[in-house]
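Below are some brief comments on the model you sent. Please read them with the coordinates open.

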Amino acid sequence: MYTRLLKLLLAVAVFGWGISILGVVLPWSVATTGLSGLGAGPIPDDPMLNYWLRMAGGGFTMVGAVFAAILIAPRKYAVLIPLMAWLSIAEGAILLVSGLRLGLPPFPFWGDTGFCLSIGIGLLLVHPRAEREQAGDA
């Protein structure tokens, strides 16, 4: 049961972080329209903002790729699970503090924050139990 829950959390993490690939591959006009739909104001056609979108999208996609590797081979990469959990919690804390400080509206701020904190805390709670469960199978 815990192994399945661990894989579900990892799959959600892969999707949640991996969706950032859109920030790498979408044309600037499509990406800015999408960001506006998520609550951003008008975004100028600025080469540096375009670059930063690609940089952030690439970085977040790589986090998703690490989660994908763990999902594919959870026993092989089990040592990474607590690290990725704590990094998700740290990102959630950064988003929480920043969103509150900036007075952002709930959407998408609470969703992003909740995602990171839920994945991180969930992994920390489920991973040890999944390892014990898997050890019993061996």
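1. The model is predicted, so local features need pLDDT of at least 70 and side-chain atom pairs pLDDT 80 or more, while totals for chains, interfaces and linings use all residues. Residues are numbered from 1 along each chain as its sequence is written, and side-chain values use heavy atoms, without hydrogens and water.

2. Helix 4 (residues 47-72) and helix 5 (residues 80-102) have axes that come within 11 Å and cross at roughly 150°. Helices are DSSP runs (H or I, at least four residues) numbered from the N terminus; axes are lines fitted to C-alpha atoms over the stretch in contact, with angles from 0 to 180 degrees between N-to-C directions. The crossing is left-handed (near helix turned anticlockwise from the far one by less than a right angle).

3. Helix 4 contributes Phe60, Val63, Val66, Phe67 and Ile70 to this contact, and helix 5 contributes Leu80, Ile81, Met84, Ser88 and Glu91 (contact: heavy atoms within 4.5 Å).

4. The largest nonpolar core has 15 residues, of which Leu6, Leu10, Phe67, Ile119 and Leu123 touch the most other members. Such a core is a set of buried Ala, Val, Leu, Ile, Met, Phe, Trp, Tyr and Cys residues joined through side-chain atoms within 4.5 Å. Helix 1 (2-18), helix 4, helix 5 and helix 6 (106-137) each give two or more residues to this core.

5. Threonine 113, in helix 6, counts as buried because its relative accessibility is 2% (buried: under 20% relative accessible area, 1.4 Å probe, protein chains only). Beyond four places in sequence, threonine 113 contacts Gly92, Leu95 and Leu96.

Definitions and conventions. Buried means under 20% relative accessible area, exposed over 50%, partly exposed in between (1.4 Å probe, protein chains only).
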